[in-house]
Structure formats: structure tokens, C-alpha cells
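Subject: Structure for your files

Hello,

Please find the structure below, with the sequence. My notes on it follow.

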Amino acid sequence: GLLVDTNDGTDNPNLTITNSQIYNSSNIGILANNANITGENLVINNAGQASFRCILGGSYTFAHCTFATYSSIGAFREFPTMSLENSIQINASEIIAANLNATFTNSIIYGDKDIELLFGKNDDAAFNYTFKNCLIRFNDISDQFENDPLYDFANTSLFDNVILNEDPGFKDPQKNMLSIGEESAANGKASVSTVTKDILGTTRSTSAPDMGAYESMVFEEEKN
């Protein structure tokens, strides 16, 4: 998809991306290396590994975005839909870290794996993140992260009005159709924001907009 990187590691590359769709990347939809990215009405789906992965920190602000990954038949992906890290291993003995500041608002992070959000924190640099009014798939069936404060979904300073593991009701994610129906768990659950139109140009509700890049719609099969 997109590599947002720098040649010498000293400058922070900048990207503003709106009303955009990234599909079927062989590896990663967006790979960010200590970058500054602002995204609105962005849809990333069906990457071979992860839809969005940041390494070595950076600054990220996303609103009304949809991040999803659904494995192809017979395929195995190592990473979840979203991975946030503030360090990178240079060689066997050297790891460098940089500050991470990430905010996700009114967005969907989903896929066909139980864990679709993963953090990699190095204490040598800041690791700051917030998820507000987001729908996230994080079904920790083995209690692997039960005592990890990074995944304390009851901590409203990290996860505010977050919905876990409820169906976003995508029309057909295998075919990159990420619009949501009226029965979606994301319907009417977003906070009012300055992103007043969705990716299709539909005006969002002024009182109860929907999470993700799309306002809900009635699918043809729902009409019958």
C-alpha cells in the first residue's frame, strides 16, 4: 500500500489522507516509520499482514476510518489489523525507540482474527494512545492480555466509549465492500465531529453519526 518513511531516520514524513481506499496489499496497507499522519474517511482492507502498522513511534490522528483485514482462503497472517509500536530492532544488539502519540476517533478496527489490535511498547520512549468511540475486535479468549495495563479497556483515558467484539455488519468485506447496514453495532455510536460527510459524500447525522468511514445504509437484501 503506502510506505511513509524517511531516508535517514531524522525527519518525520508527513501525510494527510482523506476519502481514500487501500485494498489487497500483499503485506501492509500503510506502514509508517516515525511518521506524522492525519487520516479521515480512510478505508483499508484485506492486506496480507496488517492494514495499518506503525513502527518507531510517530504522531497519528485518525477520524471516521475503517481498518479491516480478512484472511484469504488458506492464508495465514502474522499481524493483527492494527499494530502500534514505538521501537525497532536495528540488529541483534541494538534497538532504537521514538515517541508515539496516536488518537483514533469514531473508527472501526476489525477482522476475522480474535485479536485485531496489538501494541509494542518500549519504555525508552513515550507510548501514548487513545481510542474514542471506536469499534474494536479484541477477543482475548486465552486471557493472554488480562493483566496488561496497555489493554485495560475499562481505562477511559485510553479507551473511551469503545465497543468490543460486536459485529460491524460490513456488506461484503471479502469483496472490499465495507459499508455498514442499519443493524451494525457501529450505527449511531460515533461522537459528533467535524468530518461532516462520509467517504461517499453522504451527510453524517448531526446528533448520532456512525463509526467508520461510511454512514449506514439499507442494503438491497434488506429491502426485500
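Of the 224 residues in the protein chain, 50% are buried. Please keep in mind that this is a predicted model.

Overall fold and dimensions

The protein chain holds one helix and 17 strands. Its radius of gyration is 17 Å, and this agrees with the value near 17 Å that a compact globule of 224 residues would have. Along the principal axes, the C-alpha atoms take up a box of roughly 60 × 40 × 40 Å.

Contacts were also counted by separation in sequence. Taking those in the protein chain between residues at least 6 apart, 60% join residues that are at least 24 apart.

Surface and charge

The protein chain has an accessible surface of about 10,700 Å². Carbon and sulfur atoms account for 43% of that surface. On the charge side, there are 12 positive and 29 negative charges in the protein chain.

One residue in detail

I looked at Asn33, which sits in strand β3, a strand that spans residues 28-45. Is Asn33 buried or exposed? Its relative accessible area is 15%, and the cut-off for buried is under 20%, so Asn33 counts as buried. Leaving out residues up to four places away in sequence, Asn33 touches Val4, Asp5 and Pro13, and also Ile55 and Leu56.

Regards

Definitions and conventions
Residues numbered from 1 in each chain as written. Predicted model: local features only at pLDDT ≥ 70, side-chain atom pairs only at ≥ 80, totals over all residues. Heavy atoms only, no water. Helix = DSSP H or I, 4+ residues; strand = E, 2+ residues; numbered from the N terminus. Buried < 20%, exposed > 50% of the residue type's maximum accessible area, 1.4 Å probe, protein only. Contact = heavy atoms within 4.5 Å. Rg over C-alpha atoms; globule rule 2.2 N^0.38 Å. Areas by Shrake-Rupley, 256 points an atom, 1.4 Å probe, with all protein chains shown as cover. Lys, Arg positive; Asp, Glu negative; His and termini not counted. Charge placed at Lys NZ, Arg CZ, Asp CG, Glu CD.
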